[in-house]
Amino acid sequence: MSRDLDQKRLPAFAVVGRVNKGKSSVVSTLAEDESVKIGREARTTRHVTAYRWEVDGTAYYEVMDTPGFERAEAALAWMRARAKDATERYDAVKAFLAEHHGTGEFEMELRLLAPVMDGGAVVFVADATRPWRAHHEAELEILKWTGRPLIGLLNRSDSGKYEREWRAHLRDWCHMVRVFDAHQAGFEERLGLLRALRELAPEAAGGIELAIDALKRDWQRREEDAVAEIAGLVISAVTYYREEPLEDEGELDTRKTEIESAFHDALRRMESRSHRRLARIFRHDDLKLEMEGLAAPALGADLFTGKVWRNLGLTPAQLAGAGALGGAAVGVMGDLAAGGLSFGVFTIGGAILGGAGGLAAALGRVKSPAEIVGRLRGGSVRVRVGPHKNPQFGSVLADRALLLLLALQGRPHARRDVLRIEGSAPAPEESTGVVRSLASPRQRALAESLARIHQGARRRRKITAAQRAGLEDAIIDALRSRTDLPA
Amino acid sequence: MSGGDERKLRPEDLVDLEMVAASLEDAGERGTSALQKQARKAASRSRLEVDRAPEKALAMMLRLSEISGKSSPGRRLVRAYARLRAAFVAVGLVLGVVTTTGVLVYDGASPVNVLSFLSVLIGTQLLLLLLLILGLALGRRVDSAVPALGWLRSFVSEMRRRLARRLAEASGEAPPSEVDLPPIAEESLYAGIDRWRSVALLQWLAIGFNVGIATALIGRLAVTDVVFGWSTTFGSVASFFPSLVEALALPWKGWLPAAVPEPSIVETTRFVRIGGGQIAWAGPSPSPDQLLYSGWWPFLLASVVTYALVPRLFMLALSGVMVRVRLRWAIAQSRRLERLRARMSEPLIEVVAEPVSGPETALEDAPSATSDDAPSPTAAADTFQLVSAPAPPKDSSDLGSCSLVLWGDLPDPGEKLGSALDAQLGASVSDLVQAGGLSFEETERAIEKLNSGAAARLPVVLVAEAYEAPAEELERFIQAIRKGGDGSRVVVVALVDVLETDGWTEADPEDAKMWNRGLRRLPGVGAHLLGPVRLFAPGGAT
């Protein structure tokens, strides 16, 4: 229902349709609001709720979730009996509202028509995976009688015969017809729908335009926040270690598994917490994300299973390549210092050493072992587990987080099921990750910044702001190159 | 944090700002909007250009956050730092007094050696200062270059960590786990400042030390006679020393000549210890006046001030400048602070949900079923069951002759439907009506037909498309045809799904559950209202 804000009428869009056609789903996805109640049965939405879009506290337009039509045919019959010709139709709708007010009759129709008669543009939601039936004409006819601009929104569509059928019929009633699958729509689709609404209601065009700009900036900011979160996770996890004093060396044999498990559990908790934060950045606060038991190898398997390490992150060969480049860069300095008299021996040697080092480390263990690092007085020893020695670790973490991020970006808020990342690869042996599909320069940039973090961790030095910024840049570059790809 | 919106950022505020940023990162988008909204409003009110005045913007953000105030980690840190500074000055003062008293020990047998004074009390300090400068120039390797500095920084960092932990505990939060505080990980924004504050602490120690030297020197001179001379074994040092004194005195030669020993005094006050508590002067024996009132003690005092105290004051000022530089650098370089600042400059989008009061209605909202297992309010002994095809529903295996209602413009599939009803429900269709379609009059006519004459005694099979939720019109229809019968009419709701090829197929079980929940609201469920039946098995009649 339109309200006055700053002495101006607020443009409103009433989302209407028959029961159970996904009106609330459309609103939930559009508003990025998981709290909108969605259900299969009729009357999940019993009251009108206005979702007001505010930018910096100023409202620009509102979208209203309404109950579904339950007795459209009877309502139309009532109105037809009172409208002799087209000029009396609007009054017939008004009379319908006035006459049934407080009677208990046509309860849902009264509720959904009120905001429309109050001046809202109409978004008629239909399910285009099901056939058109003549009784839908009753709903559309009533809406037409209100005299408000009308857009037909095909929620769920398989682009088949039914969609063609629906489009053909809706064109008779609606000013425009659009497809918007509330359970699949991503950010671009949401913007597309807003643009359609802008066309539908010119009085709302300014506000919607401003909202679209703000949404774009907000989306970019959220993406950057997410990348910072991933970089933070990688740094925290790659540099993490635990130390414990033991009575004697023999105690390590009995407690080794326990100490190593505590270390790996801490890393898992770190990852899990970070994934929750990623979800919150994209307003999926109540997301059901179960790491265990998911089908796809990407997120389903435990962080420390060999399969995950085979499928995700940079490969040992890629890490060796990055190591070789790093070694060669150092070697070049030696050759330059020798004034070219060394004939590139330092460069070649550096590349071989760097590459071999990277390869050897990457072929190492998936889990970190506990090691004695100090002997104390009285025979007791100090045991340390971590930081993780394998240079692949950081890229595996980044890859898993990137996969989740991509899934979150494309996940509409109407979906309430458990998030599952279905790998596109036909066989689980193939990579389903992001980083292996990057172009070489991007892979190299990521590998190099991860190598710096690993080096810092090995020396137990704090990671500097510059190193973090380098990692963030590499990750955002990876993310944007991936999301730029055609679907 | 106190003061107005325009207050600049203090170095220790970085600690608090990092906590603000971390808490916002934890809170997610929804938890952030309140603070963001406040900050945006405040910035707008004071016409602050966030991108041009980042320090002020961050100060404003911090002031608005819950983390600011006297108990914030940053404020606690600065209080701890002030206490440390006082302690360092006191320790330096005591050390200075004790060391100087030791150097100035004079029992009348041999004079106090000026060379010892210069080397122990000034030379050592200059050496330490040089090491510190080298350490700072070496950057991160400063810890190994200046051991005490590394220790100090670790101490201050640990103190800050403990303060943060205490604050978390005091506010009722769970103490940060090891996951929150990994042993290493990232350098905090304050680390760069921490380094220079540690340098400043060392300077306070040195300043205390030098003030102690000066105090001890003047105090000793005031209460007793102290004779100064100089002595060395090396001839080269002896020949170089007068030039050294002259060079050292250069800075104050022009304006404080009394603190410049005359060459004759330098020459005459060289002594050699010859044993048995005796000394021999290298030149003619100096007079008592020359020994007591000569320029040595003013020279030594001026040397302490010029070569020990002033450099430390300079280093203190430099560390103060560097703290500001590092603060600005942190603000400019930190992505975390940049993101925090962006919260104040980026538009805040909110979608506010607000219930709209609709027209008053007489009917109460009907309770909605929430679970398949929830008992029906009207179900008696019989349970309204969802029966999957191909098993027939309870009590309906032999319906016999019945009326068939095709609901909601459902197309008539012809004979195939009849044979399916016969096979599955034992029903033979005697009459077929359409209802629930576009024409309301048709629905009314269907009710009239079903409730009149012999038809009123026949059971009714209502076939509907499963994906269309049972709406009020259907409920009214069912109630109407049950009222119209003799009260014991059996109504079976049968569900179908449609195929794009115009065929029918078995209803989706989830849709059937939805119908189950919807029909439970109706009275007489289970006794005479049966279903929903998923009418056709896959591969059945189409």
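**Reading a cavity and a covered helix**

Student: How does the lining of the largest cavity divide into nonpolar, polar and charged residues?

Tutor: The residues of that lining split into 7 nonpolar, 3 polar and 4 charged. Bear in mind that this is a predicted model.

Student: What volume does this largest cavity have, and how many cavities does the structure hold?

Tutor: Its volume is about 130 Å³. The structure has 5 cavities of 30 Å³ or more.

Student: Which residues lie nearest the centre of the largest cavity?

Tutor: Of the 14 residues lining the largest cavity, those are Arg18(A), Trp407(B), Gly408(B), Glu468(B) and Ala469(B). The elements that give two or more residues to this lining are β8 (460-465) and α15 (472-484), both of chain B.

Student: Is helix α2 of chain A mostly covered or mostly exposed?

Tutor: Mostly covered: α2(A), residues 72-80, has 8 of its 9 residues buried. The buried ones are Ala72(A), Glu73(A), Ala74(A), Ala75(A), Leu76(A), Ala77(A), Trp78(A) and Met79(A).

Student: And what do the buried residues of α2(A) pack against?

Tutor: Helices from both chains: α3 (89-100), α4 (107-117) and α5 (136-145) of chain A, plus α14 (440-450) and α15 of chain B.

Student: Which share of the contacts in chain A joins residues at least 24 apart?

Tutor: Counting contacts between residues at least 6 apart in sequence, 73% do.

Definitions and conventions
Residues numbered from 1 in each chain as written. Chains lettered and ligands numbered in written order. Predicted model: local features only at pLDDT ≥ 70, side-chain atom pairs only at ≥ 80, totals over all residues. Heavy atoms only, no water. 1 Å grid on protein atoms, 1.4 Å probe; cavity = no way out; pocket = protein on both sides within 12 Å on 5 of 7 lines; lining within 4 Å. Points joined across faces, edges and corners; volume = space filled by probe spheres on them. Helix = DSSP H or I, 4+ residues; strand = E, 2+ residues; numbered from the N terminus. Nonpolar A, V, L, I, M, F, W, Y, C, P; charged D, E, K, R; others polar. Contact = heavy atoms within 4.5 Å. Buried < 20%, exposed > 50% of the residue type's maximum accessible area, 1.4 Å probe, protein only.
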